[in-house]
Amino acid sequence: LIRGEKEPQAPAPSKPRRAFIKSYGCQMNAYDSERMGDVLALEGYDLADSAEAADLVLLNTCHIRERAPEKVFSELGRLRALKEARGAEGSQMLIGVAGCVAQAEGREIMRRQSAVDLVVGPQSYHRLPDPLRQARKGRVADTDFPVEDKFGELPALSERRIRQRGVAAFVT
């Protein structure tokens with residue numbers, strides 16, 4: 001080193017992206033949330049324990065449960081405030097709504113809640129990486145029924161991921 005020069009620094013490790021998935025409703029919904037987490041893990045996301053610790057928040061919804069849309073809109077109001085606070089700090093947070101409420105109320109969700117970046121129906125979450133990339137550039141709604149079967153398109157789980165779940169599992 002020449003006198004006065006600083007020693008080269010290794011680049012700071014990038015902060016891992018974190019996703020929080022909150023399920024409302026039925027057992028299929030809980031399974032879908034688990035599988036969305038698997039898809040996001042392949043995209044480099046770690047799961048967060050709370051919305052406050054996440055860069056991406058997904059509300060996975062069930063339309064069958066009582067007052068499901070009202071609960072979702074209430075939660076979206078809280079998340080909007082969190083997203084605005086994040087923006088004021090210079091960081092980004094994406095908010096998505098998935099599942100049956102997203103399928104049935106997708107247009108209304110986008111109309112009523114400008115903080116929502118992504119709406120994904122229950123048959124489309126295996127394609128989550130593509131709409132998620134699009135949502136970083138602008139709002140996206142993917143509520144069409146795809147031709148392919150989501151169960152055939154979901155990624156296989158690693159042994160490590162399976163073991164993390166413990167002794168209980170969902171059967172499709």
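How many residues apart in helix α2 are E75 and R78, and about how many helical turns separate them? They are 3 residues apart, which is about one helical turn. This pair is taken up again below, after an overview of the chain.

The structure is a predicted model, in which local features need pLDDT of at least 70 and side-chain atom pairs count only at pLDDT 80 or more, while totals for chains, interfaces and linings use all residues. Residues are numbered from 1 along each chain as its sequence is written, and side-chain values use heavy atoms, with hydrogens and water left out.

The protein has 6 helices and 6 strands. Here helices (H or I, at least four residues) and strands (E, at least two) are DSSP runs, numbered from the N terminus. Their order along the sequence is β-α-β-β-α-β-α-β-α-β-α-α. Of the 172 residues in the protein, 42% are buried. Buried means under 20% relative accessible area, exposed means over 50%, and partly exposed lies in between (1.4 Å probe, protein chains only). The protein exposes about 10,400 Å², and carbon and sulfur atoms supply 50% of that area. Accessible areas come from the Shrake-Rupley method with a 1.4 Å probe, and for residues only the protein chains shown count as cover. Among contacts with a separation of 6 or more, 65% are between residues 24 or more positions apart. A contact means heavy atoms within 4.5 Å.

Start with helix α1, residues 27-42. This helix has 16 residues and reaches 23 Å from its first C-alpha to its last, close to the 22 Å expected at 1.5 Å a residue. The expected span is 1.5 Å times one less than the number of residues. The buried residues of α1 include N29, Y31, M36 and L40. After α1 comes G44, whose phi is positive, near 95°.

D38 forms a salt bridge with R35, and their closest N and O atoms are 3.1 Å apart. A salt bridge is a side-chain nitrogen of Lys or Arg within 4 Å of a carboxyl oxygen of Asp or Glu. The two residues lie 3 residues apart in the helix, about one turn. An α-helix has 3.6 residues a turn, so residues three or four places apart point the same way. D38 counts as buried because its relative accessibility is 3%, and R35 is buried too, with a relative accessible area of 10%.

By the same rule the count comes to 10 salt bridges. E75 and R78 meet through their side chains in a salt bridge of 2.9 Å, N to O. E75 counts as buried at 10% relative accessibility, whereas R78, at 38%, counts as partly exposed. The side chain of R78 also meets that of E52 in a salt bridge (2.9 Å, N to O). R78 lies in helix α2 and E52 in the loop between β2 (45-47) and β3, so this pair ties together parts that are 26 residues apart in sequence. E52 is partly exposed, at 44% relative accessibility. K22, E52, E75 and R78 are linked in a network of salt bridges.

Helix α3 covers residues 100-112. At 1.5 Å a residue its 13 residues should span 18 Å, and the end C-alpha atoms are 17 Å apart, which agrees. Where does α3 bend? The helix bends by about 80° at G106. The bend at a residue is the angle between axes fitted to the seven residues ending there and the seven starting there. G106 is also one of the buried residues of α3, along with V101, A102, I109 and M110. The buried residues of this helix pack against β3 (56-61), α2 (68-88), β4 (94-99), β5 (118-120) and β6 (140-142).

Strand β6 holds D142. D142 is buried, with a relative accessible area of 13%. Not counting residues up to four places away in sequence, D142 touches V119, V120, G121, S124, R127 and P131.

Last come the cysteines. A disulfide is a covalent bond between the sulfur atoms of two cysteines. The rule applied here asks for a pair of cysteine sulfur atoms within 2.5 Å, and the structure holds 0 disulfides. C100 is in no disulfide, and the nearest cysteine sulfur, that of C62, is 5.3 Å away. C62 counts as buried at 3% relative accessibility, whereas C100 counts as partly exposed at 30%.
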